[in-house]
Amino acid sequence: MNELANIYRGKSFTIGFAIPETYDTDRIEDIKINIGTKIYAHTIVQGVVKVELTSEQTARMVGKQDVVFTIQDNTFGVRKLLCGYIYVSST
């Protein structure tokens, strides 16, 4: 599993996932982004699913935080992708 980023506690962080242009986004029923054990709110802008973590949110993290992208598609069902991890270092 790949390290996506190494950040310090209390620093804001944004991560994005690009959806291919050829994918029919009307098939999406649900998307969840887990970082560590928590599901974070996301936005979708021009084919990019984005999660913005505030400094308050990263202040509560430490160590390896797995990043999991879960999409529910009305054709393929639920697909869970382990994308890598973020390592949060204490300051």
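Student: How many bridges join β5 to strand β6, and in which sense do the two run?

Tutor: In this predicted model, 3 bridges join β5 to β6 (residues 48-53), and the two strands run antiparallel. Strands here are DSSP runs of E with at least two residues, helices are runs of H or I with at least four, and both are numbered from the N terminus. Two strands count as paired if DSSP finds at least two bridges between them. Look at Ile44 too: Val49 in β6 stands opposite.

Student: Which sheet do these strands belong to, and what is the strand order?

Tutor: They sit in an open sheet of 3 strands, ordered β2-β6-β5 and paired antiparallel. β2 (13-18) and β5 (43-45) have a single partner strand each, so one side of each is left without a neighbour in the sheet. From one strand to the next, the twist averages 30 degrees. For such angles, axes are lines fitted to C-alpha atoms (for helices, over the stretch in contact), and the angle between N-to-C directions runs from 0 to 180 degrees.

Student: What order do the strands take in the open sheet of 5?

Tutor: That order is β1-β8-β7-β3-β4, with mixed pairing. At the edges you find β1 (3-8) and β4 (38-40), each pairing on one side only. Inside this sheet, β3 (residues 28-35) and β7 (residues 63-73) pair in the antiparallel sense over 7 bridges. Within that pairing, Ile33 stands opposite Phe69 in β7.

Student: What pattern does the chain follow along the sequence?

Tutor: Reading along, you get β-β-β-β-β-β-α-β-β, that is, 1 helix and 8 strands.

Student: Is Phe17 buried or exposed?

Tutor: A residue is called buried under 20% relative accessible area, exposed over 50%, and partly exposed in between, using a 1.4 Å probe and protein chains only. Phe17, in strand β2, is buried because its relative accessible area is 12%. Ser89, in strand β8 (residues 77-89), is buried as well, at 17%. Across the chain of 91 residues, buried ones make up 35%.

Student: Which residues does Phe17 contact?

Tutor: Contact means heavy atoms within 4.5 Å. Leaving aside neighbours within four places in sequence, Phe17 is in contact with Ile33, Gly47, Val48, Val49, Val67, Phe69 and Cys83. Ser89 touches Asn6, Ile7, Tyr8 and Arg9, not counting residues up to four places away.

Student: Which residues line the largest pocket?

Tutor: Rolling a probe the size of a water molecule over the atoms shows where empty space is left. A pocket is an open set of points on a 1 Å grid over the protein atoms alone, where a 1.4 Å probe fits, with protein on both sides within 12 Å along at least five of seven lines; lining residues have an atom within 4 Å of a point. Here the lining includes Phe17, Tyr23, Phe69, Asp73 and Arg79. β2, β7 and β8 each give two or more residues, and β7 has the largest share, with 3.

Student: What should I know about how these values were made?

Tutor: Residues are numbered from 1 along each chain as its sequence is written, and side-chain values use heavy atoms, leaving out hydrogens and water. Because the model is predicted, local features need pLDDT of at least 70 and side-chain atom pairs count only at 80 or more, while totals for chains, interfaces and linings use all residues.
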